[in-house]
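Colleague: I'd like to learn how to read a model like this one. Could you take me through a few features, one at a time?

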Amino acid sequence: MLLSSSTYFIFLAALFLLYWPLSRWRAAGLAILLFANYFFYAKWDLFYLFLIPLGSTIDFAIGLGLGRFQRPGVRKLLVSLSLLLNLGLLTAFKYMPFLFENYAHVAGVPAPAWHWTFPLGISFYAFQSLTYTLDLYRRDAKPTRSLLAHLTATSFFPTTLAGPITRVADLIKQFERPNKQLDPADGGRALFLIGLGLLKKLLIADYLAENLVNRVFDFPGLYSSAEVLVGVYAYALQLYYDFSGYTDVAIGSALLLGIKLPQNFNMPYAAANINDFWRRWHISLSNWLRDYLFFSLPGKRNAVMPYCNLIITMTLGGLWHGASWNFVIWGVLHGVAQAIARGWQSWRGAKATPWTPAWFRTFWTVQFVCFAWIFFRATNLEQASKIIEQLGELSYATTNVSGPLWIVLAIAVAGHYLPKVPFEKLREGFVRAPFFVQALVLMALIVAIQYIAATGAAPFIYTNF
Amino acid sequence: MPLPRKVTFTLLSLGLLITAPDLIPVLKDYHVFDWTSVAKVVDFQPRVRSANPVEEEQQRLKPEISVEKTPVRPLVDPKGALEPLYAALFATERKEAGAITRILHYGDSPTTADLITADVRSLFQKDFGDAGHGFALVAKPWAWYGHRGLDIKGSGWKIEPANTAELKDGLFGLGAVSFRGGAGAQSRIVLKDPTHSEVEVSFLSQPDGGSFGVFADGNPLEIVETESPVVTPSFKKLKLPDGAREIRIANVTGRVRLYGLRFGKDTAGVEYNSLGVNGAYISILARMVDEQHWGDQLQHHRPNLVIINYGTNESVYAKFVDTAFERELLRTIARVKKAVPQAAILIMSPMDRGQKMDDGSIGTVPALSRLVAIEQRVAAEQGCAFFNTFEAMGGPGTMGRWYQTEPRLVGADFIHPMPNGARIVGNLLYKSLQEGYRRHKLRIAREKFATIKESNSTPAN
């Protein structure tokens, strides 16, 4: 059940109508949310009904243990168990085919068959779940005694497919808050975000994907260098609109149920350098990697190790996105770039005035990010090298980029760099509008999607991870 | 806690607006809601992903029911137009000395990338023997160009495909692409299979023509002069040393004009030549190449079968399909017949070509069916065989279906097959030709049997 499908919105509307009358009883409210979470998982595969409750219950028990035991050895053992459990799940259900393939390649034997991969990437589940036990281990949070709240938080359906990765402890706090109410302004913002997310996904991301990006990446040899370059830029925009569109729908859905999720994007292609980019792109993942991986690596006081740790962190972050060498290369590229940027900043001093104007730094940051996206988008290294090879041909025709495509690209660029103030004014205007105006605006959006966008929307890119 | 009032009212109003076209007859043409979505909410059927989409599609297209009783529908050859091919295959199969069956496959972008043709080539060569790679262009006119088993790299050439050339003399060789080069122009072709015994370079001899050198694994084979008092297509066949893998061809003096290299073997077998031009349409053979020059090229290669496989690029120009396509096809057939009257001709229809329909589904370009019908009718009238690729794949809507398989069988342009999709089409063509050949052999056997029976039953004088 994709977050852009009509099925999802029927499910969400039904849940909204059931949840609020029941939420006056805390347990009933949580129970209906938990039911909805597992219902959502079951739509992808019934096996999740076994896997997710089992994993979450074990983490809950580990959490109780971390709350009770103070001896460092025991706490280390408990947190190690949680790491083993969640990373084990991730390995078993996501990375085994990749590991087998590489083993087979090295050993020169046929790759053993592995049938335990599932349609829904459980990377988000595993990372979100780990926030609970890791926070408890570091004493950054207190354990909950409510299994119901814990199960509901770890499997909260808006964050299941592609984040934002939210600290379980924060979610539990919100679930356990008494006298929850939906502020009418928050309700309006939720609907606005859902509408905006659909617009981003179906009218921009899917249009770019279908009319240029997929074609260029399928057969780069059929396009000129200029068209391939436009295709790569278009992919950068597609990915942003796809993922931030998903995030808007997820945040809006949660807000309809009175739960606030963290922001995930902040004009990433306006970043002045690569470190800045990662403070603006997939913020919840960047924070996770920083808080739980980078800070855990040894050698903080060493002169060289922090740079190596950056590369290690980003390489593992790349691998987290998918079991393929493409993602490893993508992660290494970002890790090395971040290490260089950090080294440069340390050498120059944090407060030194940059030599170059801001637009220049942003321009080159975007070029680097787009180059790295080639590895992220390509299905394998051969395809990535074909794209790069074709870029190097230096042919300039742009006949395959149609007029409407240029217009959508221009809208996408303008939409990304739109200042926050007019956007917020638009949102607050929607929030203040009477209910029937809100309904009419949403209806207009649905009609636009029906008649302009390609029907049969593609899955959100990040749900694959 | 009561329902949040404003959001509830918004949602209910939106629900009413969405369902209005289903409730109010005058709005019935403006449906925005699919009621089956409601049932889908509680549908827990897992998404079925095929582990073997290629094999399953092949099985679906060619169910293994008795071939004896089922005519192979996509191949239409009521008048035995393919007899010259079958006769050649018969000799090749019996490994008669020098029995090489030569097939020239002309087509557009899939052929350029050696998609489909590479699969058919390998199937033929597996069953009948490998007579070599056949013709390859001197360098890559398009990044998309390829020939399976050859790694081609060239530099310094002025490359002119017939459909986009500044040159209007029509002298584009067998592959419809000309390569002009002066100092520094060279190409390097690496063969995966080192058992080829000869290479033949085709070029243009002309006044003031320069010379080029051919090298095998770094050793010079010959310096070839292209100067001649008259402009004429020429060919230089050279023996390759045993195990040669890297062939280099380079300009030596002056300027030369080359067309391609043909890689051959001494053994009986099939040589399947892939002759594609990106963006090609039927007029490339009907008009853009010089009739005499192209005819000389065809005669030199002595094909047993010429496949004319166009239509994809034309199919989006409905007016061209309805008014000019037939004329251009007839003209092309006439040129082939005049040049190589002994060769069989197979008109191969284009694959399905998809486009987004108003309802969002992927349908077939409207003029495609008409174009295929024209090809079939012309083939019948001209005594050519016809292969209906479009119907063999599954007819209208195939591109939509193939796009939705995982992994996809066609690209996102709904035109070009992915390697797996090409393999299916190649198999369909090969199986049809193989079945035609099997029938040919059966008929020969029957005729022989009848002759023997007749001679046995005739009383001796």
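Predicted model: local features only at pLDDT ≥ 70, side-chain atom pairs only at ≥ 80, totals over all residues.

Colleague: What counts as buried, and what counts as a helix?

Modeller: A residue is buried if 20 or more other C-beta atoms, placed from the backbone, lie within 10 Å of its own. Helices (H or I, at least four residues) and strands (E, at least two) are DSSP runs, numbered from the N terminus. In H6(A), residues 147-154, six of the eight residues are buried, so this helix is largely enclosed by the rest of the structure.

Colleague: How do the axes of H9(A) and H19(A) cross?

Modeller: Axes are lines fitted to C-alpha atoms, for helices over the stretch in contact, and angles run from 0 to 180 degrees between N-to-C directions. The axes of H9 (184-218) and H19 (435-451) of chain A come within 10 Å and cross at roughly 15°. That makes H9(A) roughly parallel to H19(A) (angles under 35 degrees count as such).

Colleague: Which residues meet there?

Modeller: From H9(A), they include A:Gly188, A:Leu191 and A:Gly195, and from H19(A), A:Gln438 and A:Leu442 are among them. The contact divides into nine nonpolar, three polar and no charged residues. Nonpolar means Ala, Val, Leu, Ile, Met, Phe, Trp, Tyr, Cys and Pro; charged means Asp, Glu, Lys and Arg; the others, Gly among them, are polar.

Colleague: And how many residues does each chain give to the contact between A and B?

Modeller: Chain B gives 34 residues and chain A gives 42. On chain B's side, H1(B) supplies the largest share, nine residues. By class, that side has 20 nonpolar, seven polar and seven charged residues.

Colleague: What about chain B as a whole?

Modeller: Chain B has 14 helices and 17 strands, and buried residues make up 45% of its 461 residues.

How values were computed: Residues numbered from 1 in each chain as written. Chains lettered and ligands numbered in written order. Contact = placed C-beta atoms within 7 Å. Buried ≥ 20, exposed ≤ 12 C-beta atoms within 10 Å, placed from the backbone. Parallel < 35°, antiparallel > 145°, perpendicular 65-115°, else oblique.
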